[in-house]
Amino acid sequence: MDRRNAPMLQIVLLLFATLPMLAWGYRAFFVDIPWRQGEQASMLLSIGTSLVALSGMVLIRRGRFRWAARQLLMVFAVSLCVSYWTAGFGAQRFEQPVLAVFMAIAALVVGRSALWAMFLSICLAFALGVKADLPNADVDIGDGLISAAIFLLIAIVLDRTSASLRSSLLEATRRAEDLEAARARLEQEVEQRRLIEDRLVHAQKVQAVARLASGLNHDFSHLLMLVLGYTRQGQQASDIGEARQALAGVESAARRANAVSQKLLVFSRQGERFVQTIDLSNVVEELHPLLKQSLQPGVGLRLDLTPGLFVEADASEIELVLLNLVSNANDATRQGDLVELTTRRSGEGRVLLTCRDTGVGLSEDARQHLFDSFFTTKPEGQGAGLGLAMIYDVMERQGGRVWAEGAPGMGATFSLEFKASAEAPASAASETRPTT
């Protein structure tokens, strides 16, 4: 409030610093009327008030706003009493409206106590002026009481107005503080939710890797058997050509094993999201070995991929979504069923990824709550109900959407719609892949 009132008070001080001096200069040098009794004393008081107003402007410029206002009011109150005591009440009658300005300054700038102190000073000045005029019978006590009553009404109006303004300002300040505190709490909650989501995604990755471990054990055992076989073949080689061929087989098997292990390490990492332009079909195809291992023996996996479907996404999150979709399909299928992953364009600027299975299907109740956290149709201890909820959160962050269709005994289809990227990365501009 002080900062808002400072420009107004500076204007008032500037007027008080200049106008009285100009008026008294005109009276002294351009008016031929002789000086009346007490008039020179009034001039000195006015000039003193102007000098105080100038010093008040300096104080405001230095940040001492309250001191400037109090100084002006105190000097004015003293000079007012002296002026009425020396010149009388009648001589100051036409200057009384100016007194309301100082009462307004006291009420709006300093406070209620300053307002009533200024009112009492005005009443004291009126009393001194009436006392000075009584011997001359120019005025009587009634004139002073009427003027005091008028200024009492002004003081009451200013008191209630300033109190309402300050109360409104205090309420607005409290609301602003409450809003700031609420914003800080909201930011903290958003940050906590982000950390929880990151931990949940990481936990889902670790859980997916754990599910893959048993299936990958068979693949690694097969690769190790190949390494041992090529090693024995090399040991028994009769010439350098056979030995090199055996070493080449060992290197090929080792590279395949390393590729699988590196894929698991990258997939299970925990860190910041890395959004980039990716080929959605390429991500599905590269993850094919791990997806196959997520299915129980006898359940088929078929890919129907359209190349060149570029989206802005975090590849590791898409991989986690795919593993959760296939794992969810695995729980709903039996030997002889089929899981099919399809990518295609879906209208202008959209890309669609679907996961369809020929399993037990979905009931109406399950379809309504599929993406709720902790909702699961699995027996107790076999599922936490977080996989599909995580998929929903990931798609929401990607700016896409996910929905499910199906009926009991008719299988289920999960559809994920992404925003298509405006441009393909330069490295992928010339790549084409056949449909699998």
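Helices (DSSP runs of H or I, at least four residues) and strands (DSSP runs of E, at least two residues) are numbered from the N terminus. The views below come from a predicted model, in which local features need pLDDT of at least 70 and side-chain atom pairs count only at pLDDT 80 or more, whereas totals for chains, interfaces and linings use all residues. Residues are numbered from 1 along each chain as its sequence is written, and side-chain values use heavy atoms, with hydrogens and water left out.

**View 1. Residue T354 sits in strand β5, which covers residues 350-357.** T354 has a relative accessible area of 14% and is therefore buried, where buried means under 20% relative accessible area, exposed means over 50%, and partly exposed lies in between, with a 1.4 Å probe and protein chains only. When neighbours within four places in sequence are left aside, T354 is in contact with E340, L341 and T342, and also with T413, F414 and S415; contact here means heavy atoms within 4.5 Å.

**View 2. Residue L388 belongs to helix α12, which covers residues 387-397.** L388 counts as buried, because its relative accessibility is 10%. Not counting residues up to four places away in sequence, L388 touches N328, L370, F371 and F414. Between L388 and N328 there are 60 residues of separation in sequence, while their C-alpha atoms are 8.4 Å apart in space.

**View 3. Helix α3 (residues 65-87) packs with helix α4 (residues 96-110) at an angle of about 150°, and their axes are 11 Å apart.** Axes are lines fitted to C-alpha atoms, for helices over the stretch in contact, and the angles run from 0 to 180 degrees between N-to-C directions. The helices α3 and α4 are therefore roughly antiparallel to each other, given that angles over 145 degrees count as roughly antiparallel, those under 35 as roughly parallel, those from 65 to 115 as roughly perpendicular, and the rest as oblique. The crossing of α3 past α4 is left-handed; this word applies if the near helix is turned anticlockwise from the far one by less than a right angle, and right-handed applies if it is turned clockwise. On the α3 side, the residues that meet α4 are F65, R66, A69, R70, L72, L73, F76, L80 and Y84, and on the α4 side they are Q96, L99, F102, I105, A106, V109 and V110. Sorted by class, the contact of α3 with α4 has 13 nonpolar residues, one polar residue and two charged residues. In this sorting, Ala, Val, Leu, Ile, Met, Phe, Trp, Tyr, Cys and Pro count as nonpolar, Asp, Glu, Lys and Arg count as charged, and the others, Gly among them, count as polar.

**View 4. Helix α3 also meets helix α5 (residues 112-133), with axes that come within 7 Å and cross at roughly 15°.** The helices α3 and α5 are therefore roughly parallel to each other, and their crossing is right-handed. From α3 the contact draws on L73, F76, A77, L80, C81, Y84, W85 and A87, and from α5 on A114, M118, S121, I122, L124, A125, F126, L128, G129, A132 and D133. The contact of α3 with α5 divides into 16 nonpolar residues, two polar residues and one charged residue.

**View 5. Helices α4 and α5 pack with their axes 7 Å apart, at an angle of about 155°.** That angle makes α4 roughly antiparallel to α5. The α4 residues in this contact are Q96, L99, F102, M103, A106, A107 and V110, and the α5 residues are A114, L115, M118, F119, I122 and F126. By class, the contact of α4 with α5 has twelve nonpolar residues, one polar residue and no charged residues.

**View 6. Residue A117 is placed in helix α5.** A117 counts as partly exposed, because its relative accessibility is 40%. The C-alpha atoms of A117 and M103 are separated by 9.2 Å, and these two residues are 14 residues apart along the chain.

**View 7. Residue A23 lies in helix α1, which covers residues 2-30.** A23 counts as partly exposed, because its relative accessibility is 46%. A23 and M43 are 20 residues apart in sequence, and from C-alpha to C-alpha they are 9.5 Å apart in space.
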